[in-house]
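Work through the exercises below with the sequence and the 3D view side by side. Try each task before reading its solution.

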Amino acid sequence: MMLALLVLPAAVMFIVSFLKYRKAKFLLPISSFAILLPIVKLFMLSKPYAILGSYLVADKLDTYVLLVSSLVGIGVTLALLTLGKHVRVTDKAYRRFYRFFAIFWVGLIFSILANHMGIYWIGLELATLSTVYMIKTNHTLAAHKEAWNYMIVGAIAISLVLFGIILMYASAKPILGERAMQFDLLLQHAKEIPSPFLFEMGFAIAMVGMFVKMGFFPMNLWLANIERASFYPVAALFSGILESAVIIGFFRFSRIAMQINYVHLFGFVFVYMLLTIFIVAFLIFRAKDFMRLFSLSGVEHMALIALFWVSGGTFAALLHFGAHAFLKPALFLSTGVLESNGKYRIAGALKGYSGKKGTLFWVLVSLFLLAIISLPPSPMFFSELYGFGAMIQTAKSSNHILAMIAAILLLLILLSVIFYRFVAIYQSMKYEGKAEEKKVYASELLALILFAVCLFVLLLPATFDYLRSIV
Amino acid sequence: MGADFFIGLFLATLIVALFTSRLYRLIFWYSMNSLVLGILALLVGKALDDKAMLITGVATLLIKAVGIPYLLKHFSEKFQFVRQIQPQIKTHYAIILIPAILVFTFYLSEPITHMMQGNTNYVAISISSLFLSLLLMMEHRDVAPKIIGFLSMENALFLLGITATEGMPMLVELGIFFDLLMAIVVMNLLFYKEETQS
């Protein structure tokens, strides 16, 4: 019953997307808003809640991720209402966008709620394939090239994930049989797995696939190029929703790997993330347009989430995840306005707004820009504080405390490079360049207000308590 | 014995595909690769008395050996693909590279295969097929051979599933088939747009 309720709005959206009546266009956003209702209902139920036997089980972690994703989905839908006013988009492409958005939701619901490695993979693959066409909604040669690029690189990444899953399944099958696909059983019996090396190999390969999908080392630019070529709501969907489905997989797999050999897991993730942030910091320093800047910053934050998680700072990782999921789509959606007149121009991007709507827009964008670099009272300030605290605790208990402290210091230097660049960009947006008149529409402003409210809710003590109780 | 013969054929069809310079022939070799995979699934399924694997074997024959090659040929005619697809890696280099990849993969997968039951060479062959499929994607500039490379990679993973785990759960196998069909639908749309743009 719950599964039917969860999938129903997406099914309605899919069917309505085929109708050519003028009024049908208005039903699409309504069906998208309706996705939130069953998710709120699921959020309030006691956990764990079996949705489909042992295949789909809702626990606190996945309902939190699903709730955040559905709120981002509403923000994106609000911004989609005025997409045609900033860029050229045909009715047919608009309807088709929603058709694939519906498939994307189904894939996402399955992958986030999956308690089964196979179903997680199927859902992720479905969500990945459906986004390919969304990139193509922008009728340019660059978007067409990037859609193919995404299709091929995405397929390789997802195949690596499947390869890893097969090896992990093979490692646990002798003790669990066909149930070796279940995350909960794997976690319970992790220490009994007869060939831990095989599991670790599978884990490392699956993680490389996931990291490629998120734009980590060595594929730092492919996602940024794709987001540059596609319409801004697609970039918001990527950073706010699709990456959530990938990171929840990382959370689940790494919890099992932690039980098998924590030192191996930590070393692997730490070195990988350090390399990623090292390269991304310099790419951000050289970024010359908003889309690439925000996309690369997204890679940096996802790397930080992974680092905090494996360092034992699960609360910090989840808070950082929530803050990033709201902040980044908000910034991507703002680019629709920031770039609609001046294209790639950063200087003066925050000038030229008039009236209450215009003023509120630039104030919100300024706040989001400063919040993404963790200036207090941004939730990211607190998550980084707790996250780095957890890393220092891990360093204290390790046998290589000096090397660990040096690595953390290097990380802080790299983050300060990013901080410096963002502040310089903000100053350029606010104080340099000419003021050109820009128009802000009510729906996109509503989306930004929604994200601001969500960020405020993340800061409440009750939310902190809830996040602490998740793992 | 039968399985050994077919697993050799599986690898052979993939190697021949790597040297192919015509699109239809490449589709034919993909079809042969899938046919051998389907027969292998039926043989292993029969040996293990696993009905789920027998069903996936039949589905492989119908979807991958017949359905997808037919659709690819149909797309090729509909969207007028370039059929002369010269690999970027020259034949005399490929002759050295492919055995090197095979030897390297056998060496690389040794620690894994030690931990597995059954015929461990099968696992090494499926991993080397995965690398060869990646090579197929890398050595062509056109989109169509890259798609066939991706589909071959999916075949290699399916083989790994059969050999390393004695079959994945039925639900997962069917889900993978569904995703494959979805991939074909998306590819069709991407090709269609390419045509309308030019």
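Helices are DSSP runs of H or I with at least four residues, strands are runs of E with at least two, and both are numbered from the N terminus. This is a predicted model, in which local features need pLDDT of at least 70, side-chain atom pairs count only at pLDDT 80 or more, and totals for chains, interfaces and linings use all residues. Residues are numbered from 1 along each chain as its sequence is written, while chains are lettered from A and ligands numbered from 1 in the order in which they are written.

**Exercise 1.** Find the peptide bond from Phe217(A) to Pro218(A): is it cis or trans?

Solution. Read omega for the bond from Phe217(A) to Pro218(A): it is near 0°. The bond is cis.

**Exercise 2.** Describe the loop between α16 (355-372) and α17 (379-397) of chain A.

Solution. Step one: Pro377(A) lies in this loop. A cis peptide bond joins Pro376(A) to Pro377(A), with omega about 10°. Step two: Ser374(A) is found in the loop between α16 and α17 too. Its phi is positive, near 70°, and Ser374(A) is not a glycine.

**Exercise 3.** Is Ser374(A) buried or exposed?

Solution. Count other C-beta atoms, placed from the backbone, within 10 Å of the residue's own: 20 or more is buried, 12 or fewer is exposed, and in between is partly exposed. Ser374(A) has 22, so it is buried.

**Exercise 4.** Where does Asp49(B) lie, and is it buried or exposed?

Solution. Asp49(B) sits in the loop between α2 (23-48) and α3 (51-78) of chain B. Its phi is positive, near 55°, in a residue other than glycine. Asp49(B) has 8 other C-beta atoms within 10 Å, so it is exposed.
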